[in-house]
Amino acid sequence: MRLFPFCAAALLSAALTATAQQGSATITIQADKPLHKVSPTLYGLMTEEINYSYDGGLYAEMVRNRTFEHDWSGFEHWTLVEQGTGRATITDSKTDGPTVDLPRSLRLTVTAADAANPAGLRNEGYWGIPVRPDTIYTGSIFAHAVDGTPGPITVSLVNDNTGKVLATTTTQPVTGDWKQYQYVLKAEKLVAGALNHLQFTLAAPATIDLQLPSLFPPTYKNRVNGNRADLMEMLAGMHPKFLRMPGGNYLEGDTPEERFDWKATLGPLQNRPTHRSPWNYTSTDGMGLLEFLEWTEDLNIEPVLAVYAGYSLKGAHINAGAALKPYVDDALDEIEFVTGDQNTKWGAIRTQLGHPKPFPLHYVEVGNEDQFDRSGSYDGRYKQFYKAIKQAYPQLQMIATTPVKSITPDVIDDHYYKQSGEFYAMLNHYDTMDRNGPKIFVGEWATREGSPTTNAGDMLGDAAFMTSMERNSDLIVLASYAPLFVNVNPGGMQWPGDLIGYDAMSSYGSPSYYAQALFSQYLGTDVPESQKTGGSDRVFYSVTTDAEKGKMYLKLVNGTTLPQPVQLQISGAKLQREAQVETLGAITQAETNSIFDPKRIVPVHSVLRVSPNLQHTVPPLSVQVIVFGM
Ligand code: AHR
């Protein structure tokens, strides 16, 4: 965390000079009386292809519409390049493509061109093509000559405004058979920016078919077909323990045909047909099942694998029984792909794809939000999946997306999208819930007031809800905020109220992001006995200890615009004289971070002198984590 002494002082002075007061609260903690363990896997990640989360987001591909989808207006995000006397047209080849999965292509007919007057096409990227100095970009394109002698393709990164060529190279001359042509573009000294495009041109008249142009910057941990480094670093900063994947609605699709069909997302990109996502754009499926798993590996976390359960968003469902069996078998194959060794059929396929080591897996979720299946078929569907998966993998914990009657699920997935006041009103929801029934996965939740990313009011609602989840983490084993990502460019967002925003060049965390990161970083292992008396009913807390680390973590949330004096009565631990404090504070609930003002609300570090019967004031509209040494 960064140290901002000036801001810390400003927050403190705001707290002290506020005119109105509210009665003091007393928080009593018996540090040596643990009530129960904290779930070590409490905080994780949930993502899906929404808000350009992967394409145009985490997945680092820079070319947009690389499979040349088109409508009446042409090939979206592609435009002709006709330099000088160069002339060209583009059409859909319709029947000519490099693989059965990509059976068509873009046909480029260059009618006039020479070295000084090239013609071809350009791609605008995902709201620009980010180019940085001293950076190597790698890519490839499938091509074949239909007519004439095209020679090589010139591939260039070009500035939109100046026309300056930032990096350029040529492929091998294009021949008659479909072939993949690799290229490397080296950007040298330049000013980093995203107002650029990627150009493919010929210097001779000819007709060629093109498919799957691609360009990647350096990726996180240098994965081929990998992820944006800045976004992966932000995720690592959340200290997550799991990734719920691959959705969300994205798992289900609008129809069964548009579900996340994991088998169609494996292997070389030319073998992935792409599919329409329920968030109304085509998914490249560059983020396929193996890429999801490698993402978990790169963050040293585990997948929580959601399998398609025979229900899609527009209401189609597959009844339990023989009709559902292929889907159950598909889920069994998927689990084998994730966990099987090289001697299993799907473990061997994973090995062929370059990952011999099985991935760890403890939780499998059957479907997503099946309470929306009005046919009532989920009970039977869940039971069929549960029995088949438990029989093959008795060690797996099976998550149901809504309560069922015919069998007892191991875990139920609860989702909450609320305003902060609604969260404040339900913070005791889990306190009295039956501890002998299924465990709880809060698989999607968020306070939703700000847009595109959440604001300070959301941060307070989120933090308040997290205090209740920690207090109940004997019951709540997993929790993941959603949605995680949003591309903040116009048209990038389908769902307002997201955790991390970005454009082509940069990314930022919402105030809620920092609350999540702090709560997760200072999770603790045990919940000791404690209580709060007095003070505002909009002031919340959670306390956990970690005996091994010799720490006690006190999280305080002041959802009011008044300072909250608190008397801390801590027994059962010899506390060190200084405690470390991280404060997230705001002036108003609407205050927020944005792509233009990314660090407005970030943790501010200060030191608290510890004494018996400690008096502490929680600033207005703030979240604090006090780290006591014991
Ligand atoms: O997080 C956005 C959507 O909300 C998810 O796709 C869906 O599961 C829920 O309704």
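Author: For a lining, Ala, Val, Leu, Ile, Met, Phe, Trp, Tyr, Cys and Pro count as nonpolar, Asp, Glu, Lys and Arg as charged, and the others, Gly among them, as polar. The model is predicted: local features need pLDDT of at least 70 and side-chain atom pairs 80 or more, whereas totals for chains, interfaces and linings use all residues. Residues are numbered from 1 along each chain as its sequence is written, and side-chain values use heavy atoms, without hydrogens or water.

Reader: How many cavities of 30 Å³ or more does a search of the whole structure find?

Author: Rolling a probe the size of a water molecule over the atoms shows where empty space is left. On a 1 Å grid over the protein atoms alone, a 1.4 Å probe fits in a cavity but cannot get out; a pocket is an open set with protein on both sides within 12 Å along at least five of seven lines; lining residues have an atom within 4 Å of a point. Volume is the space filled by probe spheres on the points, which are joined across faces, edges and corners. Here the search finds 2 such cavities.

Reader: Which residues line the second largest cavity?

Author: Its lining consists of Arg66, Thr67, Leu212, Leu269, Arg272, Thr274 and Thr284, that is, 2 nonpolar, 3 polar and 2 charged residues. The volume of this second largest cavity is about 30 Å³.

Reader: How do the residues lining the largest cavity divide?

Author: They comprise 8 nonpolar, no polar and 2 charged residues, including Trp262 and Asp330. That cavity has a volume of about 60 Å³.

Reader: What is the volume of the largest pocket?

Author: About 810 Å³. Among its 34 lining residues, Arg223, Val224, Asn225, Gly226 and Leu269 lie nearest the centre.
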